[in-house]
Amino acid sequence: MLAIVGLLTILIVMFLIMTKKCSTLIACLVVGQGAEMGGYITSGIKSVAATGVMFIFAVAFFGIMGDVGAFEIVVNKILQIIGKDPVKICVGTLIITMMTHLDGSGATTFLITIPVLLPIYDKLKMDRRVLATIVADGAGTMNIVP
């Protein structure tokens, strides 16, 4: 019975937070964890700080490199080799995604795959959502591979 009450409490609190009827601060106080809130905040920041800094650096770095045309030579060479067939580009995207996701980290998969392939998709005027979908599907598939 206690397990059912605990599960219902968790579901109700999560529902209230996700529907924005209750803030996480109030929920923490209501369930009696207000005194530990500082520790939760510190632990949360510690667990995401390195990834956040990596994302900020990667977005800035690859954005600047793309703006100055650093990838133009590589993109043109790839397109010269494989042509401008969108099917080949999509298959190549999936293969690159699966190779970069061998370590199991979604963050590194997206940070390596998207900046490399985005200029190719832009040059061929392919929809960026196709790139995002293929990368997400490839990473998701690799997550279930032992």
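The following paragraphs lead through a predicted model, from its overall form to selected residues.

Residues are numbered from 1 along each chain as its sequence is written. Because the model is predicted, local features need pLDDT of at least 70 and side-chain atom pairs count only at pLDDT 80 or more, while totals for chains, interfaces and linings use all residues; side-chain values use heavy atoms, with hydrogens and water left out.

The protein contains 7 helices and 0 strands, where helices (H or I, at least four residues) and strands (E, at least two) are DSSP runs numbered from the N terminus. From the N terminus on, the order of elements is therefore α-α-α-α-α-α-α. The radius of gyration, taken over C-alpha atoms, is 22 Å, well over the 15 Å that the globule rule gives for 146 residues, so the protein is more spread out than a compact globule. That rule is 2.2 Å times the number of residues to the power 0.38. Along the principal axes, the C-alpha atoms fill a box of roughly 65 × 35 × 30 Å.

Buried residues make up 18% of the 146 residues; buried means under 20% relative accessible area, exposed over 50%, and partly exposed in between, with a 1.4 Å probe and protein chains only. Of the contacts (heavy atoms within 4.5 Å) with a separation of 6 or more, 57% are between residues 24 or more positions apart.

In soluble globular proteins, nonpolar side chains tend to be buried together. A nonpolar core is a set of buried Ala, Val, Leu, Ile, Met, Phe, Trp, Tyr and Cys residues joined through side-chain atoms within 4.5 Å. The largest one here has 10 residues: V75, L79, I89, L117, I120, Y121, M126, L131, I134 and V135. Helices α4 (72-82), α6 (106-123) and α7 (128-143) each supply at least two residues of this core. Its member I89 touches L79, I82, G83, I120, Y121, L124 and M126, not counting residues up to four places away in sequence.

T109 lies in helix α6 and counts as buried, because its relative accessibility is 0%. Leaving aside neighbours within four places in sequence, T109 is in contact with T97, T100, H101, V135 and A139. The side chains of T109 and H101 are joined by a polar contact of 2.7 Å. Such a contact is a pair of N or O atoms within 3.5 Å; within protein, one must be able to donate a hydrogen and the other to accept it, and residues adjacent in sequence count only if both atoms are side-chain atoms. T100, in helix α5 (residues 86-100), is also buried, at 16% relative accessibility. A polar atom of the T100 side chain lies 3.0 Å from the backbone oxygen of T97.

Aromatic rings of Phe, Tyr and Trp (its six-membered ring) pair if their centres lie within 6.5 Å; planes under 30 degrees apart count as stacked, over 60 as edge-to-face and the rest as tilted. The count comes to 1 aromatic pair. F57 and F61 form this stacked pair, with 5.7 Å centre to centre and 20 degrees between the planes. These two residues are separated by about one helical turn, because they are 4 residues apart in helix α3 (residues 37-67). F57 is exposed, with a relative accessible area of 56%, whereas F61 is partly exposed at 36%.
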